[in-house]
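Q: Could we go through this chain together, beginning with the overall picture and then moving to details?

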Amino acid sequence: MESEYNGQNDEVAMLEASVDDLIEHYTHLARLAGRLSRGHIETSLLSLPRQGVVGKALKEVASYLKGLAKTADWIRDGKYGAQVKEKSEQDVLARSFNIMSREIAEKISTLRSMFEAIDEGIILADCEGRILEANQKFLSLMEVGDPGELDSIDIFTLIIPEEEIQGQIRKGLPVYDLYCTIFNRKNERIPVKVNVRPLNTASDGGNSVMMLISNESLRVRMKREQETLAAQALEAELRALRAQINPHFFFNTLNTIAHLIETDSPTAVGVVEKLAGMFRYTLLSTKHKTVRLHEELLHVREFLAIEKIRHGSRLEVDFRIERSVEESGIPPMLLQPIVENSIKHGADKNGIIRIMLKACREQDDLCIDISDAGDSEVDIAGLLDNSRTGLQNVNRRLMTLYRKHLEFIRRNTGGLMVRIRVPLDGEGTG
């Protein structure tokens, strides 16, 4: 600011004071400009009420810096193009800024939408654990309304209890699938899964991290609901199984009974009793999730006894069952469809059907192999796609109950082996 002229100062002294003042204020403005470039200045700090020639010059510089500060605000808000357009429609530079501003606004909007659309809590933090950005999912998880409430928090310490892992993150190392517990502002205990990925900041050579916070309590609840739905679907399938004895087998058996009534009535009575036993087992066993293996095998033996009457000496069956697994649990009505399929496709070139059923323990699983010596080439994919074979139903039940599927193995000696694996629990519930 110009020194006040009182008639006693000569022009040299007045000029000297004005130059000193000018240097002082330009130095001050230079510092403000530096702070502005780092985003550390408010436009209100640029008010400089000065008089005279120097004051006018300072006001012009201050006005320019104010414009820069406002422009920075506009760009952050995606409004820069609109502001420049209001000032000058014809200016080439303004039109370029309009285009640039719109592109910046679109990118910021897209990134913000992506940031909020992800179905997980997201935190961007520096290497000291200070939160730079957090999406609404994380704020809701923490029961925080204003992001400013988290400004003084070391987010690494808040979420991750192990100091060793905190140190890894501060060094810029990733962390995958870390399960821990956090407490929100209501002091509610929330199990979460945390993934941390380093983000290198090229501008200042520093490091920041992105943290993905998954609410495991919600996921556990969703998983439980899915399991309930799966159990209901399985129950519906089991009810359907009660009426699912292969109609071809049923009518073939009735024809056999009708023929035996005329030729061998005692045998006909035995077939009727076996058929009744099969129906009784189907109705009673499917009320339970599992039955004992020896009960399921008894059902299969009755089925094979009826088939033996139809096929005679052409059907040969070999059971190899380890005594230690006879009491193990197995889903009901699991074996008959596979044995029935082996009879249908298991004949060798001489028409002989050889079936072997083996059950043993393999580590923590009950392993059941049903194999034949069939001469024909079987389309395995077709077996699973064809619901009439019953294998599709068996495979779906295994996947629903145990996340396991039927295994198909072509034998070197010819034929096909179908393998079932279920957890070995030692007892059924039948």
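Predicted model: local features only at pLDDT ≥ 70, side-chain atom pairs only at ≥ 80, totals over all residues.

Q: What does the secondary structure come to?
A: The chain has 14 helices and twelve strands. These are DSSP runs numbered from the N terminus: helices are H or I with at least four residues, strands are E with at least two.

Q: How much of the chain is buried?
A: Of the 430 residues, 37% count as buried. Buried means under 20% relative accessible area, exposed means over 50%, and partly exposed lies in between, using a 1.4 Å probe and protein chains only.

Q: Which residues touch the most other members of the largest nonpolar core?
A: Leu293, Leu335, Ile368, Leu406 and Ile420 do, in a core of 44 residues. Helix H11 (residues 293–311) supplies the largest share of this core, six residues. A nonpolar core is a set of buried Ala, Val, Leu, Ile, Met, Phe, Trp, Tyr and Cys residues joined through side-chain atoms within 4.5 Å. There is also a second, separate core of 28 residues, including Ala125, Ile169, Val175 and Ile182.

Q: What is Leu293 in contact with?
A: Apart from neighbours within four places in sequence, the partners of Leu293 include Ile321, Val325, Leu335, Ala359, Leu366 and Ile368. Glu326 and Ser328 are also among them.

Q: Where is Leu357, and is that residue buried or exposed?
A: Leu357 is in strand S9 (residues 353–362) and is buried, at 2% relative accessible area. Leaving aside neighbours within four places, Leu357 is in contact with residues including Leu297, Val300, Phe319, Val339 and Ile370. Its C-alpha atom is 9.6 Å from that of Met417, 60 residues apart in sequence.

Q: Changing topic: at what angle do H10 and H11 pack?
A: Helix H10 (residues 265–285) and H11 pack at about 145°, with their axes 10 Å apart. Axes are lines fitted to C-alpha atoms, for helices over the stretch in contact, and angles run from 0 to 180 degrees between N-to-C directions.

Q: Which residues make that contact?
A: Val271, Leu275, Met278 and Tyr281 are among those of H10, and His299, Phe303, Ile306 and Ile309 are among those of H11. By class, the contact has eight nonpolar, four polar and four charged residues. Ala, Val, Leu, Ile, Met, Phe, Trp, Tyr, Cys and Pro count as nonpolar, Asp, Glu, Lys and Arg as charged, and the others, Gly among them, as polar.

Q: What else touches Ile309?
A: Thr256 touches Ile309 and Arg310, not counting residues up to four places away in sequence. Thr256 lies in helix H9 (residues 247–263) and is buried at 14% relative accessibility.

Q: How many residues of H12 are buried?
A: Eight of the ten residues of helix H12 (residues 336–345) are buried, among them Pro337, Ile338, Val339 and Ile343.

Q: Which residues other than glycine have a positive phi?
A: Met333 is one of them, with phi near 60°, and Arg403 is another, with a phi of about 55°. Most residues other than glycine have a negative phi. Arg403 is in the loop between helix H14 (391–402) and strand S11 (407–410) and is exposed, at 64% relative accessible area.

Notes
Residues numbered from 1 in each chain as written. Heavy atoms only, no water. Contact = heavy atoms within 4.5 Å.
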